[in-house]
Amino acid sequence: MLKAKKILLCVTGSIAAYKAVYLLRLLQRDGASVRIVMTKEATNFVSSLTFSTLSKERVLIDFTENDNWENHALLGRWADLILIAPASCNTIALMAHGICNNLLQAVYLSATCPVMLAPAMDEDMWKHPATQRNIQQLIHDGIKVLDVAEGELASGLFGKGRMIEPEEVFKEVIHFFSKKERFVGKKILVTAGPTVEPIDPVRFISNHSSGKMGVAIADAFVAEGGVVTLVHGPMTEKVEKGINEVSVQTAQEMYSSCLKELSTFDIIVMAAAVADYSPAEKSNEKIKKTQDFLRIDLKKTPDILAEAGKRKKENQILIGFALETENGVENALKKLDKKNADFIILNSLRDQGAGFGKDTNKISIFGKKGFRKDFPLKSKRELAYDILNLISQHP
Ligand code: CTP
């Protein structure tokens, strides 16, 4: 499987450095060409001689050796994958902040290939908000961050933070090279779930959206190598670890979050059920039951999809949904035109098995120049892949 694959295995200062020795053997046995970069701290745990003997290559530690300068830019370009295992708390922090104070960091910052890392540290360090912030930053930057394991830690404490076993890292590498990678290098924005518009501190206006369709689309993009930002309203759906998750409440918040970096996205899929109206004023106190009739003035929320349509760049692909109860096709086509979308995905609340909270959906996709494709009732996960197939064929 890994024959002809070039992997740069980077080892950093952690007791888990010994696991990298086993990992090297697994990668080599499967046919990969592996070169090793170590930080100085890593050499305190495992000798560079161990790695150079096994890899039959010089281990790279410093910027210079015997008056020779290591070409970090070429190293990053040589590799099909940079695998940092174990990745110490310090290395993760340096990467997140773009600090270049050792050869590994220079290779990372000049790399053009995908990067995967397996964190290793004590539980307190792993759970610290600063580390979690750094991890989120790396995910946002498109780094594949593997999970940590629970067990006995170097400190003698028991908890989360151990590097996962070499066999598990190896499996992730195999998975990485075997999956379809139609969206590698693509930045994708997906919206999902409902928005919640407060009336007073107790009540709100919202809808029944579960976020399932949007989450299935975000998951499918990540599985195919995309760098995904998911902006979602309140929902119980679990979001994959590799997704850059932005959680919002109101339509206005969703609008602001989406517009922040809108021009940087290659593909935008708006699956959220955004509230069309929001109370014109939110009462700071709970509204008391004093009148027989209560009138609440509502004002229109900003239309995120329409705004994205206005700002659409030439190579951006913009997709919206249309949820209808009547005149589905007519309304979907109107939205396609009015919102300047490339595709509108129509789902009807009238179709059995389709709509809010269900695991299945029935959709028709409408595009420019009379394009139309109807799909039978399917799981939302399967439909997500149908949508990806369509996008990947879009010129
Ligand atoms: N949408 C949006 N911002 C809004 C309202 C809708 O981005 N304020 C997006 C939805 O995410 C969806 C598409 O627009 O992709 C269509 O949403 P839908 O609710 O079906 O239509 P509306 O534009 O709200 O029009 P109407 O309620 O009249 O059907």
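Q: What makes β6 and β7 a pair of strands, and in which direction do they run?
A: In this predicted model, strand β6 (residues 115–119) is joined to β7 by two bridges, and the strands run parallel. Pairing asks for at least two bridges between strands, so β6 and β7 count as paired. Within this pairing, M116 has K144 of β7 as its bridge partner.

Q: Why are β2 and β7 said to stand at the edges?
A: The open sheet to which they belong has five strands in the order β2-β1-β5-β6-β7, with parallel pairing. β2 (33–38) and β7 (144–145) each have a single partner strand, so one side of each is left without a neighbour in the sheet. Across β1 (6–11) and β2 lies helix α2 (residues 48–55), which runs at about 165° to β2.

Q: Which residues touch the most other members of the largest nonpolar core?
A: That core holds 37 residues, and those touching the most other members are L9, V11, L27, I36, F51, L83 and V173. At least two residues each are supplied by β1, α1 (17–29), β2, α2, β5 (81–87), β6 and α8 (166–178), with α1 giving the largest share, seven residues. V11 illustrates the packing: when its neighbours within four places in sequence are left aside, its contacts include A17, A20, I36, F51 and A85. Another core, of 34 residues, lies apart from the largest one and has V190, M235, F321 and L383 among its members.

Q: Why is β19 described as largely enclosed by the rest of the structure?
A: A residue is called buried when its relative accessible area is under 20%, and six of the six residues of β19 are buried, so this strand is largely enclosed by the rest of the structure. The burial holds for both faces: F343, I345 and N347 point one way from β19, I344, L346 and S348 point the other way, and all are buried.

Q: Why is the contact between K368 and D342 called a salt bridge?
A: The side chains of K368 and D342 meet at 3.6 Å, N to O, and the cut-off for a salt bridge is 4 Å, so the pair qualifies. The pair links distant parts of the chain, 26 residues apart: K368 is in the loop between β21 (363–367) and β22 (372–374), while D342 is in the loop between α12 (328–338) and β19 (343–348).

Q: Are K368 and D342 buried or exposed, or something in between?
A: D342 has 7% relative accessibility, which is under the 20% limit, so it counts as buried. K368, at 43%, falls between 20% and 50% and therefore counts as partly exposed.

Q: What makes E307 and R311 a salt bridge?
A: Their closest N and O atoms are 2.9 Å apart, which is within 4 Å, so E307 and R311 form a salt bridge. E307 is buried, with a relative accessible area of 16%, whereas R311 is partly exposed at 43%.

Q: How many salt bridges does this rule give?
A: The count comes to 20 salt bridges. Another of them joins R372 to D374, with the closest N and O atoms 3.0 Å apart; R372 is partly exposed at 44%, and D374 is partly exposed at 46%. Salt bridges that share partners also join K19, R162 and E165 into one network.

Technical notes:
Residues numbered from 1 in each chain as written. Predicted model: local features only at pLDDT ≥ 70, side-chain atom pairs only at ≥ 80, totals over all residues. Heavy atoms only, no water. Buried < 20%, exposed > 50% of the residue type's maximum accessible area, 1.4 Å probe, protein only. Helix = DSSP H or I, 4+ residues; strand = E, 2+ residues; numbered from the N terminus. Contact = heavy atoms within 4.5 Å. Axes fitted to C-alpha atoms, helices over the stretch in contact; angles between N-to-C directions. Core = buried A, V, L, I, M, F, W, Y, C linked by side-chain atoms within 4.5 Å.
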